[in-house]
Amino acid sequence: MSHFYHGAVGSTKSAENQMLKADIAAQPSWRFWGPYVSERQWGTVREDYSTGGDAWNYLSHDQARSQAYRWGEDGLAGICDEEQRLCFALALWNGKDSILKERLFGLTNTEGNHGEDVKEYYYYLDATPYHSYLRMLYKYPQDGYPYALLVQENRRRGLQDNEYELIDTGVLDGNRYWDVFVEYFKAASDDILAQISICNRGPEPATLHVLPQLWFRNTWSWAEPSEKPSLVAQSDGSIVAQHASLGTYYLYAEPKHELLFCENETNVERLYGVKANGYFKDAFHEYLVHGDHGAVNSLKRGTKAGVHYVLEAAGGETVRIRLRLSAPRQSQPFADFADVAQACVREADAYYGKLQQDQPNQDARLVQRQAFAGMIWSKQFYCYDVRTWLNGDPRQPEPPTARRHGRNSEWMHFNACNIFSIPDKWEYPWFAAWDLAFHALTMALIDADFAKQQLLQLGEPWYMHPNGQMPAYEWNLGDANPPLQAWAAWRVFEIDRKRRRQTDPDEPGDVDFLKRILERQLLTFTWWVNRKDAGGRNLFQGGFLGLDNIGVFDRSDPLPTGGCISQADGTSWMAMFALNLLKISLELAEHDHVYEDLAIKFFEHFLYIAQAMTNIGSQGIGLWDEEDGFYYSVLNLPDGQMVPLKIRSMVGLTPLFAVETLDSTLLPKLPMFAQRMEWFLNTRPDLAGLVSHWNVPGAGERRLLSLLRGHRMKAVLRRMLDPEEFLADYGVRSVSRYHKARPYSYWVDGRELKVDYEPSESRSRLFGGNSNWRGPIWFPVNFLIIESLQKFHHYYGDGFKIECPTGSNRYLTIDQVAEELTNRLARIFLKNPAGQRQVYALYPKLQQDPQFRDYVNFYEYYDGDTGRGVGASNQTGWTGLIAKLLQPRAGYSVRSG
């Protein structure tokens with residue numbers, strides 16, 4: 001296996017880029033090992049075998065150390081092979097904790113006053129696309145971890161209170177904690193070096209037990225026959241790992257350690273009161289915390305092993321541990337360690353140096369690089385076979401029969417066993433369909449092949465439902481997410497083609513990828529038309545559509561009023577979907593005229609949706625409200641009444657997303673499409689007149705397809721850019737601030753249902769209560785707003801200006817408005833003139849302390865007033881879009897503060 005670190009460092013083509021090119025032919029792939037270990041396997045649907053689907057309580061954090069997982073593994077700073085056969089991760093014990101720290105701790109959905117929430121501080125600091133270099137930081141208190149206090153205080157607090165965080169407990173006061181930096185360096189695709197640097201941030205000397213662990217995922221306890229792998233200590237202090245399909249690996253560790261062994265099997269006596277002999281999964285906890293030396297296997301063999309170090313460090317001192325996990329046997333495993341490590345860091349710097357060469361803002365470079373790191377660290381092995389999960393395993397107790405008719409029972413074909421880009425490996429440790437679309441776009445900047453693979457993956461027959469529906473996420477595979485895969489595929493295609501054309505100006509792009517995407521998305525589009533248009537009127541429902549509690553009703557449940565909602569967002573998503581498929585079809589038609597037929601189909605379908613939004617069922621009621629200058633969903637009651645739900649929310653801004661421009665040079669190349677379009681114009685002028693200037697050339701001889709006329713676009717933007725409504729200092733709010741003083745209410749059976757402006761955490765338990773779309777700033781929809789504005793500017797040019805902010809008497813082009821929004825979002829993360837990051841607005845220590853202030857968390861969403869981070873603290877997933885926004889664009893400049 002070649003060692004890439006031997007190449008010339010700092011050359012124009014970095015070693016990481018060479019790996020990207022070499023990976024296709026490499027065996028095994030450079031992606032073979034990666035940060036694929038989840039940070040929470042407990043409390044997930046796939047590990048839940050309860051009767052009623054109570055996943056959070058079926059397998060708890062406390063039980064996790066003793067229960068062998070069925071479908072995957074979790075760990076701290078973990079890596080594994082791409083099929084998660086062999087895992088490596090870190091465990092820590094400060095001598096005072098009641099639990100060996102093998103996994104991150106957090107509150108369940110019912111324990112947290114705003115739902116589930118991890119209560120740890122950890123940061124993904126660096127990573128290269130093929131994991132040649134990985135670096136993360138975990139902060140571990142030197143005093144006993146306040147597990148009970150965190151649970152009790154958060155339970156005591158109400159919905160109106162802020163969450164009680166680890167920093168609030170005082171356990172980090174006086175800097176009495178350890179900074180634990182974990183780094184991985186690849187000498188080859190199957191030769192990984194690990195360095196653990198532990199810094200005592202406190203003023204006094206302290207002792208820390210460090211326990212790097214190597215273990216096999218348990219695949220042998222569920223069915224027969226199954227060969228059991230093994231870990232065995234060697235006379236030289238190393239460990240040999242043997243697996244039937246993975247082969248042989250060796251773990252080498254620097255001296256002054258002891259080796260501990262047990263089995264990755266359930267401690268049935270602790271959990272179920274069943275007497276059993278053996279060395280169980282929780283043996284290292286028992287050995288260290290309780291001093292039970294009989295818990296580990298004295299023969300030094302098993303399926304789980306630990307390398308136990310006892311480290312002492314003076315205040316401010318850093319100590320290091322070095323290990324090497326390698327398939328090739330190493331006679332001197334640490335002889336070249338320093339050279340490999342230094343080269344990997346240099347190569348990472350060279351890779352990002354080239355990527356960021358046009359970004360002069362050093363702080364923007366830091367934030368962007370950590371955002372990319374979070375995206376890469378958030379890859380996860382995901383395994384979930386619904387049929388086996390529902391029916392149970394031959395060697396395990398039969399699950400309750402009621403489960404066969406419960407959650408996900410209509411998805412018996414679903415069989416996942418792949419690497420996914422995950423929203424957040426603790427809070428959301430599973431794929432989510434619409435999140436994945438945004439992940440792919442950001443990943444395309446650094447690894448287009450992985451981005452394309454992710455988008456194609458959910459369309460495989462073992463994922464996609466036979467009826468064409470895309471799986472949403474494991475809590476309900478049948479939920480409807482916004483259909484954004486086609487949009488993401490087109491954007492990934494464009495980003496990849498632009499990169500390819502840097503070396504070949506005539507490069508057509510990955511046309512085969514577009515063909516494969518189109519085949520899959522045709523099935524999904526048909527499913528939406530057949531299943532989510534209740535009245536056959538081109539007005540779509542869809543349910544919650546990823547916006548959780550944004551409406552007055554829980555849109556995933558049957559309405560308490562009966563009837564259905566014609567959703568402005570659901571219908572707009574479908575209009576956008578039609579335009580995305582039109583764009584893909586037109587691109588393919590330039591290579592094969594057969595696709596012109598599909599292009600005209602999507603063109604016509606877009607116009608039908610536009611008509612439906614204007615006049616529901618020919619009754620003169622549309623989703624557009626001329627008086628308010630805004631789009632609203634409409635409640636269709638069983639008695640035929642139609643009630644506009646006048647909530648000024650992101651729902652009414654989604655029509656902006658349905659926009660595309662067509663270059664005038666395109667039509668002469670596609671005569672069939674041009675002829676059919678002309679026929680449609682002549683025979684259906686009622687439809688043609690609904691859409692903004694689609695037949696009128698614009699700036700640069702382009703044509704515009706959009707739901708919004710110039711008048712409507714100005715009206716919507718006027719509200720969106722009003723600081724008293726949607727425009728915040730740090731982006732666009734999900735619900736207008738107008739509703740702070742004027743809540744929207746709807747009465748059902750003597751009960752008032754209400755939507756008001758809630759800028760941070762949710763103040764209700766609707767849809768679980770852990771996410772809030774009633775005022776905060778969310779990156780995915782803000783990103784779509786920015787891209788839509790750029791498309792509008794592409795058509796209108798600099799001659800079309802809008803007041804921004806509303807009431808300021810300051811007029812900007814549409815592109816300048818997009819730039820303004822980009823900079824407002826960037827100000828969440830970039831240092832202001834006082835050197836502080838607004839994301840940490842609630843905690844001065846995180847803003848000012850040099851050991852915190854330059855480590856960036858990418859939260860799920862952001863306070864609509866202050867910009868502070870809210871929700872999942874490491875959802876780099878779609879918040880990783882900040883990396884794309886920070887990538888320099890012609891005419892844009894990043895402004896902080």
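The dialogue below goes through how features of this predicted model are assigned.

User: What makes a residue or atom pair count in this predicted model?
Analyst: Local features need pLDDT of at least 70 and side-chain atom pairs pLDDT 80 or more, while totals for chains, interfaces and linings use all residues. Residues are numbered from 1 along each chain as its sequence is written, and side-chain values use heavy atoms, with hydrogens and water left out.

User: Why is T654 called buried?
Analyst: Buried means under 20% relative accessible area, exposed over 50%, and partly exposed in between (1.4 Å probe, protein chains only). T654 has 1% relative accessibility, so it counts as buried.

User: Where does T654 lie, and which residues is it in contact with, leaving aside neighbours within four places in sequence?
Analyst: T654 sits in the loop between β24 and β25. Helices (H or I, at least four residues) and strands (E, at least two) are DSSP runs, numbered from the N terminus. With sequence neighbours within four places set aside, T654 is in contact (heavy atoms within 4.5 Å) with A568, D569, S572 and W573.

User: How do you know that the span of helix α12 agrees with its number of residues?
Analyst: The expected span is 1.5 Å times one less than the number of residues. Helix α12 (residues 485-500) has 16 residues, so it should span 22 Å. Its end C-alpha atoms are 22 Å apart, which agrees.

User: What makes α12 mostly covered?
Analyst: In α12, 12 of the 16 residues are buried. Among them are W487, W490, F493 and R497. The cover over these buried residues includes α10 (433-443), α11 (448-457), α13 (511-531), α14 (568-589), α20 (779-796) and α24 (881-886).

User: Why is the contact of R763 and E761 called a salt bridge?
Analyst: The rule asks for a side-chain nitrogen of Lys or Arg within 4 Å of a carboxyl oxygen of Asp or Glu. R763 and E761 meet at 4.0 Å, N to O, and form a salt bridge. E761 is buried, since its relative accessible area is 4%. By this rule the structure has 61 salt bridges.

User: What makes D74 and R103 a link between distant parts of the chain?
Analyst: D74 and R103 form a salt bridge, with the closest N and O atoms 3.0 Å apart. The two are 29 residues apart. D74 is in the loop between α3 (61-64) and β2 (76-81), and R103 is in the loop between β3 (86-93) and β4 (106-107). Both residues are buried.

User: How do you know whether R868 and D863 are buried or exposed?
Analyst: R868 has a relative accessible area of 8%, so it is buried. D863 is buried as well, at 6%. They form a salt bridge, with the closest N and O atoms 3.8 Å apart. Elsewhere, salt bridges that share partners join D449, K452, D496, R499, R500, E507 and D510 into one network.

User: What makes β1 and β14 edge strands?
Analyst: Two strands pair if DSSP finds at least two bridges between them. The open sheet of 6 strands has the order β1-β2-β3-β10-β16-β14, with antiparallel pairing. β1 (33-34) and β14 (258-262) each have a single partner strand, so one side of each is left without a neighbour in the sheet.

User: How do you know that β10 and β16 pair?
Analyst: β10 (residues 206-216) and β16 (residues 304-313) are joined by 8 bridges and run antiparallel. L208 has L311 as its bridge partner in β16.

User: Why is β25 called largely enclosed?
Analyst: Strand β25 (residues 659-663) has 4 of its 5 residues buried, so the rest of the structure largely encloses it. It runs antiparallel to β26 (residues 702-706), joined by 5 bridges. D663 has R702 as its bridge partner in β26.
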